[in-house]
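We will go from stop to stop, with a short note on what to look for at each one.

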Amino acid sequence: MIYTHEVEQMCTVAQGVAHGAAPIPEEAKWISPKDVSDISGFTHGIGWCAPQQGGCKLTLNVKEGIIQEALVETIGCSGMTHSAAMASEILPGRTIMEALNTDLVCDAINTAMRELFLQIVYGRSQSAFSENGLSIGAGLEDLGKGLRSQVGTMYGTLAKGPRYLEMAEGYVTGVALDDEDQIIGYQFINFGKMMDFIKAGDDANTAMEKAKGQYGRVDDAVKIIDPRKE
């Protein structure tokens, strides 16, 4: 350790206030973290790239400072999907400090890691008050059956109005309108279920029919339009 001449000439004054790190809530305990290994938690972070073309939702399950589980979801940029593939290999097994300082290939994923790091080390994790935290595999519960991201895609113009393209339930095939041409419901195909039916032996047409559903007052519709054609 090298000190400047000015510091060397100073007299020593005791540091009276030294109460240590402030406690944070962590998996139903109050922890005063000093090292990375003191940090545990399950939570989510959102990131965006520099041109703000795409976004990332990153979910991590951290136990004693080590990332045990990572879910990387991206939208808006084709290259981000490949970056997410690499990030899913990079993240598990690293400490959250290592992950914060690792090139995760994509700006949006890096930004999500930064935001998520801040949440966890400040005790703002989703599992802050869950005894022993959440088990490894909890990240998949966000995806539900079929293990697909919940994506909403809507498009609208002043001239022709809104078009529902994708809802949490799935790919929208029909938009139901009333006698004033207002949306009162929609029809959809749940692609996750459809693929499960196909894998179980159904042909594509049968699987598609079994995976269809509807939401709202579709049965009362005066007209149902195809949002991708009409």
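Which side chain meets that of Lys-199 in a salt bridge? Select Asp-196: the two side chains meet at 3.5 Å, N to O. A salt bridge here is a side-chain nitrogen of Lys or Arg within 4 Å of a carboxyl oxygen of Asp or Glu.

Before moving on, a word on the model. It is predicted, so local features need pLDDT of at least 70 and side-chain atom pairs count only at pLDDT 80 or more, while totals for chains, interfaces and linings use all residues. Residues are numbered from 1 along each chain as its sequence is written, and side-chain values use heavy atoms, with hydrogens and water left out.

**Stop 1: helix 6**

Stay with that pair and show residues 191-199, which form helix 6. Lys-199 and Asp-196 are three residues apart in this helix, and therefore separated by about one helical turn. An α-helix has 3.6 residues a turn, so residues three or four places apart point the same way. Lys-199 is exposed, at 66% relative accessible area, whereas Asp-196 is partly exposed at 35%. (Buried means under 20% relative accessible area, exposed over 50%, and partly exposed in between, with a 1.4 Å probe and protein chains only. Helices are DSSP runs of H or I with at least four residues, strands are runs of E with at least two, and both are numbered from the N terminus.)

**Stop 2: other charged pairs**

A search of the whole structure finds ten salt bridges. Glu-27 is buried, with a relative accessible area of 7%.

Now select Glu-115 and Arg-114, which form a salt bridge at 2.7 Å, N to O. Glu-115 is partly exposed at 25%, and Arg-114 also counts as partly exposed, at 38%. Finally, show Lys-57, Glu-73 and Asp-142 together, as a network of salt bridges links them.

**Stop 3**

Switch to cartoon view and find the open sheet of three strands, ordered 3-4-5 with antiparallel pairing. Two strands pair if DSSP finds at least two bridges between them. Strand 3 (41-48) and strand 5 are the edges, each pairing on one side only, and the twist averages 15° from one strand to the next. Strands 3 and 4 are joined by eight bridges; for one of the residues here, Gly-45, the bridge partner in strand 4 is Leu-58.

**Stop 4: helix 2**

Which strands does helix 2 lie across? They are strand 4 and strand 5, and the helix runs at about 175° to strand 5. (Axes are lines fitted to C-alpha atoms, for helices over the stretch in contact, and angles run from 0 to 180 degrees between N-to-C directions.)

Select Met-80, Ser-83, Ala-84 and Ala-87, the buried residues of helix 2. They cover an arc of only 110° around the axis, which puts them on the same side of the helix; the arc is that of the directions from the helix axis to the C-beta atoms. These buried residues pack against strand 4 (55-63), strand 5 (66-75) and helix 4 (107-121), where contact means heavy atoms within 4.5 Å. Turn to the other side of helix 2 to find Ser-78, His-82 and Glu-89 exposed.
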